[in-house]
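Please keep the sequence and the 3D view open while reading.

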Amino acid sequence: MVRLSKWLLKEAGTGVNKTLSDILVCPLSKQALRVCEEPPSLISDSIGVSFPIKDGIPCLVPTDGKILDTDDTMKHDNAADDSANNK
Amino acid sequence: MRSLQFSVPLLPTSRFKRHSVRCASDRQQLFNRIAPVYDNLNDLLSLGQHRIWKRMAVSWSGAKTGDSLLDLCCGSGDLTFLMSEKAGADGKVIGLDFSKEQLSIASSRQYLLSKACYNNIEWVEGDALDLPFSNGYFDAITMGYGLRNVVDKRRAMQEMFRVLKPGSRVSILDFNKSMQPFTALFQEWMIDNVVVPTATVYGLAKEYQYLKTSIDEFLTGKELEKLALDAGFSYARHYEIGGGLMGNLVAAR
């Protein structure tokens with residue numbers, strides 16, 4: 001039952017488990033990745049690239065990466081500022 | 001969002017071959033195409049022997065309970081599952097491959113197989129030339145029938161060296177490029193008269209003809225040992241197994 005749940009969660013593309021996201025780094029900069037829930041992806045802030053997670057499998061081949069537009073990085077910065085101000 | 005496109009390197013710089021050049025993208029597509037029949041063909045073509053060779057490769061890696069392990073070019077996961085059994089519930093195994101189709105099969109096998117310890121496996125789509133892991137993370141690495149297919153073997157060795165903990169080992173199983181004329185001839189005969197005709201039945205003649213080219217372009221045991229030592233490994237030894245048809249490179253950081 002546990003196995004099935006885990007498999008279903010992965011199939012639902014709800015992301016990758018925390019242990020794995022702690023292990024993985026950006027394939028290019030070798031810096032830490034940030035988990036994004038929607039769309040499920042891993043963000044390399046060091047180079048401004050997003051790597052997709054498909055069916056629970058992180059796609060970290062360099063050519064899988066998409067360069068983030070400035071808007072996307074600004075949204076993240078604003079969200080980070082808001083949470084800092086609320087503390 | 002813009003795609004991140006990098007120019008894909010062609011074959012290693014030293015060679016101009018009479019046969020067609022295959023870039024990483026071609027190889028990725030090849031392994032995607034053969035994915036559905038890959039396991040069956042391995043069994044058929046090696047008469048089940050590949051299972052023994054893979055167990056030997058895992059033993060040589062030094063993998064043990066509780067370890068953090070990496071299986072590179074994991075394909076449908078044969079070596080990954082063996083590594084998982086070694087690592088146990090307290091260990092962790094990452095199976096990495098650049099073929100989505102192979103990983104999909106590996107992931108399905110993980111679900112269908114009954115052993116609870118296989119829960120310690122995670123699948124990652126990645127490139128052996130740009131590993132998404134930090135330095136010195138893994139206690140052991142295996143690579144089965146993968147090194148021959150990477151377009152830059154030197155870089156692959158350097159990446160393996162980088163992500164290994166000091167004192168740990170990499171175990172690389174592959175076809176042996178034999179210096180013995182009889183063995184080389186027999187290997188070629190087997191590919192021409194057994195492997196390719198069998199693959200033809202599955203509609204994959206061209207894909208398995210690639211095998212002969214890739215062995216021809218591969219390195220001998222001695223050359224592989226040198227490749228490992230040049231990458232920084234302190235120890236490297238190539239063992240011939242399967243009557244000299246296969247070889248396993250063991251290198252220690």
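A polar contact is a pair of N or O atoms within 3.5 Å; within protein, one of the two must be able to donate a hydrogen and the other to accept it. The model shown here is a predicted one.

Begin with Glu125(B), which sits in strand S4 of chain B. The side chain of Glu125(B) makes a polar contact with the side chain of Lys100(B), at 3.1 Å. Is Glu125(B) buried or exposed? Its relative accessible area is 2%, and because buried means under 20%, Glu125(B) counts as buried. Leaving out residues up to four places away in sequence, Glu125(B) touches residues of chain B, including Gln28(B), Asp97(B), Phe98(B), Lys100(B) and Leu103(B). Glu125(B) also touches residues of chain A, among them Ile57(A), Pro58(A), Cys59(A) and Asp64(A).

These contacts lead to the interface of the two chains. How many residues does the contact take from chain A and from chain B? There are 30 from chain A and 30 from chain B. The size of an interface is often given as the accessible area lost when the parts come together. For chain A and chain B, the buried area is about 2,900 Å², and carbon and sulfur atoms give 60% of that area.

Two salt bridges are found across the interface of chain A and chain B. In one of them, the side chains of Lys30(A) and Glu159(B) meet, with 3.1 Å from N to O. Which elements of chain A each supply at least two residues of the side that touches chain B? They are helix H1 (2–11), helix H2 (18–23), strand S3 (49–54), strand S4 (57–58) and strand S5 (66–67). The largest share of that side, five residues, comes from H1(A). Sorted by class, the side of chain A that touches chain B has 17 nonpolar, nine charged and four polar residues.

The next topic is the aromatic rings. A pair of aromatic rings is described by the distance of the centres and the angle of the planes. Over all chains, the count of aromatic pairs is seven. One of these pairs is formed by Phe81(B) and Tyr118(B); it is tilted, with 4.8 Å centre to centre and 55 degrees between the planes. Phe81(B) lies in helix H4 (residues 78–87) of chain B, and Tyr118(B) lies in the loop between helix H5 (100–112) and strand S4 (121–125) of chain B, so the pair ties together parts that are 37 residues apart in sequence. Both Phe81(B) and Tyr118(B) are buried.

Phe81(B) also pairs with Trp123(B), this time edge-to-face, at 5.8 Å centre to centre and 70 degrees between the planes. This pair links distant parts of the chain, since Trp123(B) is in strand S4 of chain B, 42 residues apart from Phe81(B) in helix H4. Trp123(B) is buried, as is Phe81(B). Together, Phe81(B), Tyr118(B) and Trp123(B) form one aromatic cluster.

The last stop is Ser234(B), in the loop between helix H9 (221–230) and strand S7 (235–241) of chain B. Ser234(B) counts as exposed because its relative accessibility is 58%, and exposed means over 50%. Apart from neighbours within four places in sequence, Ser234(B) is in contact with Leu229(B), Ala252(B) and Arg253(B). The C-alpha atoms of Ser234(B) and Gly167(B) are separated by 9.0 Å, although these residues are 67 residues apart along the chain.

Key:
Residues are numbered from 1 along each chain as its sequence is written. Chains are lettered from A and ligands numbered from 1 in the order in which they are written. This is a predicted model: local features need pLDDT of at least 70, side-chain atom pairs count only at pLDDT 80 or more; totals for chains, interfaces and linings use all residues. Side-chain values use heavy atoms; hydrogens and water are left out. Contact means heavy atoms within 4.5 Å. Buried area is the accessible area (1.4 Å probe) that two parts lose on being put together, summed over both. A salt bridge is a side-chain nitrogen of Lys or Arg within 4 Å of a carboxyl oxygen of Asp or Glu. Helices (H or I, at least four residues) and strands (E, at least two) are DSSP runs, numbered from the N terminus. Ala, Val, Leu, Ile, Met, Phe, Trp, Tyr, Cys and Pro count as nonpolar, Asp, Glu, Lys and Arg as charged, and the others, Gly among them, as polar. Rings of Phe, Tyr and Trp (its six-membered ring) pair if their centres lie within 6.5 Å; planes under 30 degrees apart count as stacked, over 60 as edge-to-face and the rest as tilted. Buried means under 20% relative accessible area, exposed over 50%, partly exposed in between (1.4 Å probe, protein chains only).
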